[in-house]
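Colleague: Before we talk about labels such as buried, cavity or contact, could you show me the model and then explain what stands behind each term?

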Amino acid sequence: MKTIDPNRFRDIDPGQRVLMGPGPSDVSPRVLQAMSAPCIGHLDPYFLSAMDETQQLLRYLFQTDNRLTIPVSGTGSAGMETCFVNLVEPGDEVVVCVNGVFGTRMADIVGRIGGKLTRVDAPWGRTIDPEDVRKAVEGKKVKVLAVVHAETSTGVCQPLDDLAAIARDAGALFLVDTVTSLGGMEVDVDRIGIDAVYSGTQKCLSCPPGLSPISLGPAAVETLTNRKTPVVSWYLDMGMVADYWGGNRKYHHTAPINMVFALREALRIIAEEGLEARHDRHLLNHRALVAGVEAMGLEMVVAKSDRLPMLNTIRIPAGVNDAKVRGALLKDFGIEIGGGLGDFAGKAWRVGIMGHACRRRNVVLFLSAIQTILKAEGFAAGPDVLEAAAAIYDEA
Ligand SMILES: *Cc1c(COP(=O)(O)O)cnc(C)c1O
């Protein structure tokens with residue numbers, strides 16, 4: 001028999017961090033406490049009512065009346081896969097907008113499930129041009145038009161209204177990734193006309209990773225119902241999953257009970273704050289962060305009109321050691337930020353101010369920490385950094 005010495009392993013004790021990267025974000029103690037409730041059965045009446053309440057709170061968050069609004073078991077990428085595997089059959093025309101990592105991931109999934117992919121590309125750090133999308137859908141019978149609302153790899157916010165109109169005119173389903181935007185800026189599913197949407201718990205919802213809220217509108221449900229072929233993923237088949245979350249309570253897979261408790265608490269916190277106040281808070285802290293960053297003499301990667309409030313990409317100045325700066329932020333200040341991905345690797349820092357982490361205290365801590373570190377690196381940071389940020393808060 002193989003043996004192991006259990007005394008080699010200590011208690012889990014990671015210490016406190018300030019999570020200001022692309023996710024996960026800081027989790028509220030209330031959410032952690034909800035997670036530590038006793039685990040009960042997935043058909044326990046208490047859990048069934050917690051499921052219903054979670055769905056009600058999710059409909060408020062997505063601003064939708066869609067009945068099929070549920071948290072998929074899995075992280076944001078599981079939500080992405082759920083939407084594509086349920087709506088796309090082999091040979092279906094799918095148009096995917098690509099201007100970063102997550103659009104690229106969508107295109108990858110479409111290829112894997114045999115969809116006929118047309119990509120509409122834009123340079124990293126820029127928005128997708130609706131004219132390019134219009135040309136791409138022309139003359140095709142497009143099943144799904146897919147786009148990322150908040151491209152976390154670049155910090156770009158994609159306006160949705162024009163693309164929703166193009167999808168509507170083309171008779172295509174409009175599928176939107178709101179993993180990073182949901183809970184930090186407006187995602188008004190019914191008003192915009194989004195047919196299928198997914199998100200994740202660990203960005204602006206400030207819940208640990210593990211669930212992916214999704215919502216499918218009437219046209220998406222009809223598409224699902226009229227499929228000619230079975231959904232290729234058994235686990236993510238929304239027909240069967242909805243039978244559990246909907247009326248029948250028919251066992252499909254065991255719901256991650258304590259993750260649902262956590263999400264319910266995170267959503268309750270959001271409802272208490274109110275969506276408008278929450279979005280305003282993200283915008284205010286973003287403006288203060290940018291004011292401080294620019295006063296320091298650093299440059300934002302994305303043009304002012306296209307910036308996300310919750311994910312800020314900052315150009316790494318020439319001669320500054322990326323890994324060293326991020327290492328010092330973590331070691332000396334407990335702050336985690338993200339490095340660049342893909343085209344932006346080594347070129348940009350990604351600073352998240354998401355959900356619970358989106359507060360003045362963190363903005364000021366980050367600005368003073370990076371200022372200190374950059375000075376040690378020989379970068380001549382401007383002097384009035386904290387004053388520039390304070391001026392934004394004072395105006396508000
Ligand atoms: C984080 C993220 C995802 C993937 O979510 P995971 O939880 O890492 O699976 C998808 N899309 C966007 C825009 C994201 O930021």
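Predicted model: local features only at pLDDT ≥ 70, side-chain atom pairs only at ≥ 80, totals over all residues.

Colleague: Which elements each supply at least two residues of the lining of the largest cavity, and what makes a space a cavity?

Modeller: The elements are β2 (68-73) and α9 (238-245), with β2 giving the most, three residues. On a 1 Å grid over the protein atoms alone, a cavity is a set of points where a 1.4 Å probe fits but cannot get out, whereas a pocket is an open set with protein on both sides within 12 Å along at least five of seven lines; a lining residue has an atom within 4 Å of a point. A search of the whole structure finds one cavity of 30 Å³ or more, and the largest cavity holds about 40 Å³ of space. Its lining includes Pro-71, Tyr-235 and His-253.

Colleague: Why is Asn-285 called buried?

Modeller: Buried means under 20% relative accessible area, exposed over 50%, and partly exposed in between (1.4 Å probe, protein chains only). Asn-285 has 3% relative accessibility and therefore counts as buried; this residue lies in helix α11 (residues 275-295).

Colleague: What joins the side chains of Asn-285 and Tyr-393?

Modeller: A polar contact of 2.6 Å joins them, the term standing for a pair of N or O atoms within 3.5 Å; within protein, one must be able to donate a hydrogen and the other to accept it, and residues adjacent in sequence count only if both atoms are side-chain atoms. The side chain of Asn-285 also reaches the backbone oxygen of Cys-358 at 3.4 Å.

Colleague: How far from an oxygen atom of the ligand does a polar side-chain atom of Thr-152 lie?

Modeller: The distance is 2.3 Å, and a nitrogen atom of the ligand is 2.7 Å from an N or O atom in the side chain of Asp-177.

Colleague: Is Ser-206 buried or exposed, and what about its phi?

Modeller: Ser-206 has a relative accessible area of 4% and so is buried; its place is in the loop between β9 (196-198) and β10 (211-216). Ser-206 is not a glycine, yet its phi is positive, about 55°. Most residues other than glycine have a negative phi, and most peptide bonds are trans.

Colleague: Why does Gln-63 count as partly exposed?

Modeller: Gln-63 has 34% relative accessibility, so it counts as partly exposed. Gln-63 lies in the loop between α2 (45-62) and β2.

Colleague: What makes the peptide bond from Gly-23 to Pro-24 cis?

Modeller: That bond has omega near 0° and is cis, and Pro-24 is found in the loop between β1 and α1.

Technical notes
Residues numbered from 1 in each chain as written. Heavy atoms only, no water. Points joined across faces, edges and corners; volume = space filled by probe spheres on them. Helix = DSSP H or I, 4+ residues; strand = E, 2+ residues; numbered from the N terminus.
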